[in-house]
Amino acid sequence: MTQSQTNGGDGAGAIAMAEPPLNNEIIMFNRSLSTSSCLSKEDEEMTRTALSAFRAKESEIEKRKLEVRERVQAQLGRVEEETRRLATIREELESLADPMRKEVLIVRKKIDSVYKELKPLSYSVQKKQREYKEAVDAFNEKNLEKIQLITKLMELAGESENLRLKKLEDLSKSI
C-alpha cells in the first residue's frame, strides 16, 4: 500500500491511500479460476474465503482511512481557529503598541527639553558654588588671623590677670 499527500486547495494536506495493486490481481485471478475447470470445489472455496478476507481487510483499511481523514480535518480546523485567534491577538497588541510608542516619544521629547533647560542652570549653579567657596575660604583666612590675634590677647589677658592676682596676694601678705 502506498501513501501520497494531496492538497485540496485549502492549504492543508490530506493523506490518501492508493488502491492496493493486489485488488486487481485477485480479481483477475478469481476470473481465471472461475473459468478454469481444473480447480476443485475446495480450491474454489479457499479462493472465495481468501477473497472475502481480503475484501474485509480492504473495507477495514477504507474505514481507517476515513477515520484518519476525519481526525486530520478536525486537527486542521483547530489549527485554523487558533491561527485566527492569534492573528486577532497580534492585531490588538499592535494597536495598543502604537499609542504607547507615541506617548513614549512625547515623554522623551519633554525630558530632552527639560534637560536642555537645566544644562545652562547647572553650569551657573556650579559657577556660583565655586564663587561661594572662594568667598568662604577668603573670609575664613581673614578671620583666622583675627581669631589667632584674639586668642593671643586672651592668653595675655589671662597672664596679666594672674600677675595682678599674684601682686594682690603679695600685697595682702605684706599687710
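Predicted model: local features only at pLDDT ≥ 70, side-chain atom pairs only at ≥ 80, totals over all residues.
How many salt bridges does the count come to? I get five salt bridges by the rule I used.

**Entry: Arg64 and Glu60**
I started with arginine 64, whose side chain meets that of glutamate 60 in a salt bridge, 2.7 Å from N to O. I looked up where they sit, and both are in helix H2, four residues apart, about one turn of the helix. Glutamate 60 is partly exposed, with a relative accessible area of 36%.

**Entry: Glu62 and Lys65**
Next I checked glutamate 62, which forms a salt bridge with lysine 65; their closest N and O atoms are 3.1 Å apart. This pair also lies in helix H2, three residues apart, about one turn of the helix. Is lysine 65 buried or exposed? I find lysine 65 buried, because its relative accessible area is 10% and the cut-off for buried is under 20%. Glutamate 62 is partly exposed at 33%.

**Entry: Asp137 and Lys133**
Further along, I found the side chains of aspartate 137 and lysine 133 in a salt bridge, 3.3 Å from N to O. Both residues belong to helix H2 and are four residues apart, about one turn of the helix. Lysine 133 is exposed, with a relative accessible area of 53%, while aspartate 137 is partly exposed at 37%.

**Entry: a nonpolar patch**
Which residues make the nonpolar patch? I noted Leu86, Ile89, Leu93 and Leu96, together giving about 370 Å². Leucine 93 is exposed, with a relative accessible area of 53%.

How values were computed
Residues numbered from 1 in each chain as written. Heavy atoms only, no water. Patch = residues over 30% accessible without salt bridge, like charges linked within 9 Å, V, L, I, M, F, W, Y side chains within 5 Å. Areas by Shrake-Rupley, 256 points an atom, 1.4 Å probe, with all protein chains shown as cover. Salt bridge = Lys/Arg side-chain N within 4 Å of Asp/Glu carboxyl O. Buried < 20%, exposed > 50% of the residue type's maximum accessible area, 1.4 Å probe, protein only. Helix = DSSP H or I, 4+ residues; strand = E, 2+ residues; numbered from the N terminus.
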